[in-house]
Protein chains: 2
Amino acid sequence: MELKIVRRLMKANDDWAQRIRQKLAEKNILCLNLISSPGSGKTSLLEQTIDRLREQYRILVLEGDIATTRDADRIQQHHVPAIQLLTEGSCHLDANLVHHALEEINLNSVDILFIENVGNLICPAEFDIGETAKVAVLSVPEGDDKVLKYPKLFRDASCVVLNKIDLLPYVNFHKEQVYADLHKLNPQIPVFEISCKTGQGIDSWITWLDKQIKNPQLAPRPKL
Amino acid sequence: MELKIVRRLMKANDDWAQRIRQKLAEKNILCLNLISSPGSGKTSLLEQTIDRLREQYRILVLEGDIATTRDADRIQQHHVPAIQLLTEGSCHLDANLVHHALEEINLNSVDILFIENVGNLICPAEFDIGETAKVAVLSVPEGDDKVLKYPKLFRDASCVVLNKIDLLPYVNFHKEQVYADLHKLNPQIPVFEISCKTGQGIDSWITWLDKQIKNPQLAPRPKL
């Protein structure tokens, strides 16, 4: 019986996700769903990205969190609109919550929508929220075994941002292990090695992003 | 209807947890439930702890993971028994899974049971698994806002291990912020600042642990 309920909930989620996806496609909006562990640097990545893109594009950010508005407050200081989605204890965003948030928005004034998911490598990878593509953010101090341990996210993501690359000299982290595990799951996936602290590598990420915004139909779709 | 099902599942979980708690109390076993983000260093902390305690105490480790046996393999190299609990995609351990694992074990040969939960700050804090106490592990590179963002874990934990303290010089991390947030939620909670890499601070953690093992009835109980 529980299994049936879970299936029904997932079906309802997928229906909402499809509605979101269709609406975003009609408006030619690129929507990226950022997923990572807590503290990998999703908000810092968005801050860096916004500062480089907000002159050319109209950006909207949805911030997922279980209890605070801290991340949306950080984003708004970079002069783009941000909406906090509070999951009230749930460990992931779902499409229903995202859909309701988007109903409040005039989507004609948006070119790119970033959705920062709740910090968690597991359930956010399970719930389609109508995104164009998933971006997996991984940070060096988390260790080089995360691709192996959380395969679904890294299989379904359209790119990986490897953040905090400036900490490489201070931790045991074998980059080649991450690349080997990643290429088994997702052979063509681009990886951007960056540091939000020093700015290293951000340009390549921005170039990739710019290409996706200009041709949103070209962005890889999540494998559902 | 979904809410009723969730309540029923939680009630069933709590019943299993109570059975586990009673069994462990009868055998005078201290059981610590280690909870953290992915990559905060729970397994490294256990490796360090085992190396220091295995001559005096009989240790058993249960390792939670969604997909791999990697962590149990690491623990077994330190010459103590370890059982891998695979959650098959679920983002937390539950008491039913733990109960079944313990049925395979002769608990007369155990003094301390460490349970490493799935790497996730949210749902593992919601599910009682019959532990004596919860240990929250937080690592410096995750950032100083985690107590604020994940209050349930830090409210219910009996101690905090602040790991990767050797990385303090290389990241923006205000320790005083963490202590301020923590003391609002959980005023008396002990905090152990450690580095599993350099060994710094491990002795204080071991001293605390030793005291809890000798008087398991003194270990703070989780606030259910």
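Visitor: In what order do the 7 strands of the open sheet in chain B stand?
Guide: This is a predicted model. In chain B, 7 strands make up an open sheet, and their pairing is parallel. The order across the sheet is 3-2-4-1-5-6-7.

Visitor: Which strands of chain B stand at the edges?
Guide: A strand at the edge has a single partner strand, so one side of it is left without a neighbour in the sheet. From one strand to the next, the twist averages 20°. The edge strands of chain B are strand 3 (82–86) and strand 7 (191–193).

Visitor: Which residue in strand 6 of chain B stands opposite Val137(B)?
Guide: Strand 5 (residues 133–139) and strand 6 (residues 159–163) of chain B run parallel and are joined by 5 bridges. Opposite Val137(B) stands Val161(B).

Visitor: What angle does helix 2 of chain B make with strand 2 of chain B?
Guide: Helix 2 (residues 42–53) of chain B packs on the sheet, and the strands it touches include strand 1 (30–35) and strand 4 (112–116). Strand 2 (59–65) is also touched, and the angle between the two directions is about 170°.

Visitor: At what angle to strand 3 of chain B does helix 4 run?
Guide: Helix 4 (residues 95–103) of chain B lies across strand 2, strand 3 and strand 4 of that chain. Its angle to strand 3 of chain B is about 145°.

Visitor: What relation holds between chain B and chain A?
Guide: Chain B superposes on chain A by a rotation of 180° with 0.0 Å of shift along the axis, at an RMSD of 0.0 Å. That is therefore the relation of a two-fold axis.

Terms used. Residues are numbered from 1 along each chain as its sequence is written. Chains are lettered from A and ligands numbered from 1 in the order in which they are written. This is a predicted model: local features need pLDDT of at least 70, side-chain atom pairs count only at pLDDT 80 or more; totals for chains, interfaces and linings use all residues. Side-chain values use heavy atoms; hydrogens and water are left out. Copies are superposed by least squares on the C-alpha atoms of residues with pLDDT of at least 70 in both. Two strands pair if DSSP finds at least two bridges between them. Helices (H or I, at least four residues) and strands (E, at least two) are DSSP runs, numbered from the N terminus. Axes are lines fitted to C-alpha atoms, for helices over the stretch in contact, and angles run from 0 to 180 degrees between N-to-C directions. Contact means heavy atoms within 4.5 Å.
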